[in-house]
Every structure is written in structure tokens, then in C-alpha cells.
Amino acid sequence: MIDGPFFGLVVSGILGTGLVAGVFYGFSTFVMRGLAALPPAQGVAAMNAINVAAVRPAFMVLFVGSAVLSALTAVVTFVVWPGEGKVELLLGSALYLIGSFGLTIVANVPRNERLAGLTPDGPEAGGYWPVYVREWTFWNHVRTVTSAAASLLYILALA
């Protein structure tokens, strides 16, 4: 049974990865659909504003903090090597670190940066916007699933 400070670490990981999954889920299910329904210039401008607003402490502490918790959970799991739940803890940590945090860096952020470099009402933005929405949303679906799966695996480790 996982107990003591390690229990608190895992519970914090559950909350963090679960909340991140919820943020990503909201984007996948209605935010991106709403933005895609706008004319390209408005969609580009709105998404650029969202991307600027996202890089503030309220979200970044949660997002990066969950990565730190996942890394700590993996390290402590190797050191403590609990009798039960070790596979779930290691898989949950890997899923969040690679499938959510890592994927954000290699898939979503480059698309956001490219979008930020475009003039919203310019022809290049109009042509890129549908591609951006499709690709960004696909990778966001993956981030949603991996974050939720990490939270579920952490929960199973405590069961």
C-alpha cells in the first residue's frame, strides 16, 4: 500500500494530470470547434490571444507542476519500488511526461508559434488556419487522452 508522503505525491499527480486533461478536453470538444467556425482572421486572432493568455501562472503552474510531479513520482517509484502499483505509477508518469508535456513541446507549440507569426487577416493566415485547426486539434486529442490515462493509472496505483 502506498502511504505517507508518497501517497500525497500520487494524489497531487492525480489532481494535476486530471485537471490538465480537463483543460485539454474542453479545447478538443468545444473551444476549437467554436474557433473553427469563425472567419479565419477572427479565429487566428482569437487563438493567438488564447495562446498568450495560456502562458501565465494559473495554467503553467498546473501544466509544468504536473510534469514535475510525474517526474518525481517516477524517481520515487524507482527508489521506493512499492510492492503494488509500480507499473501503474511508471506508466502514468511516462504517459504524462511524453504524451502530454513532451507532445506539447514538439507538436502544439511549434504550430502556435507559426500561427503567432502570421497577420490574422493576411492570405497566408487564411490558408494556414484550417490546417492549424485540424493538426493542432488532433495533437490536443492525444494530449487529452494521455493526461486522462496518466490520472487513471495513478488512481489504479492507489487502489
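Arg143 is buried (under 20% relative accessible area, where over 50% is exposed and values in between are partly exposed, with a 1.4 Å probe and protein chains only), yet this residue has no salt bridge. A salt bridge is a side-chain nitrogen of Lys or Arg within 4 Å of a carboxyl oxygen of Asp or Glu. The nearest side chain of opposite charge, Glu113, is 12 Å away. Lys and Arg count as positive here and Asp and Glu as negative, while His and the chain ends are not counted.

The model is predicted: local features need pLDDT of at least 70, side-chain atom pairs count only at pLDDT 80 or more, and totals for chains, interfaces and linings use all residues. Residues are numbered from 1 along each chain as its sequence is written, and side-chain values use heavy atoms, with hydrogens and water left out.

Arg143 sits in helix α5 (residues 123-158). Helices are DSSP runs of H or I with at least four residues, numbered from the N terminus. The Arg143 side chain makes a polar contact with the side chain of Asn140, at 2.6 Å. A polar contact is a pair of N or O atoms within 3.5 Å; within protein, one must be able to donate a hydrogen and the other to accept it, and residues adjacent in sequence count only if both atoms are side-chain atoms. Beyond four places in sequence, Arg143 is in contact (heavy atoms within 4.5 Å) with residues including Phe24, Ser100 and Trp136.

The largest nonpolar core has 13 residues. Such a core is a set of buried Ala, Val, Leu, Ile, Met, Phe, Trp, Tyr and Cys residues joined through side-chain atoms within 4.5 Å. Among the members that touch the most others are Met32, Met47 and Trp136. Helices α1 (4-36), α2 (40-54) and α5 each give two or more residues. The largest share, six residues, comes from α5. A second, separate core of nine residues includes Ile2 and Tyr154.

The structure holds nine aromatic pairs. Rings of Phe, Tyr and Trp (its six-membered ring) pair if their centres lie within 6.5 Å; planes under 30 degrees apart are stacked, over 60 edge-to-face and the rest tilted. The Phe27 and Trp136 planes stand at 55 degrees, with centres 5.8 Å apart, so this pair is tilted. Phe27 lies in α1 and Trp136 in α5, so the pair ties together parts 109 residues apart in sequence. Phe27 is buried at 17% relative accessibility, and Trp136 is buried at 4%.
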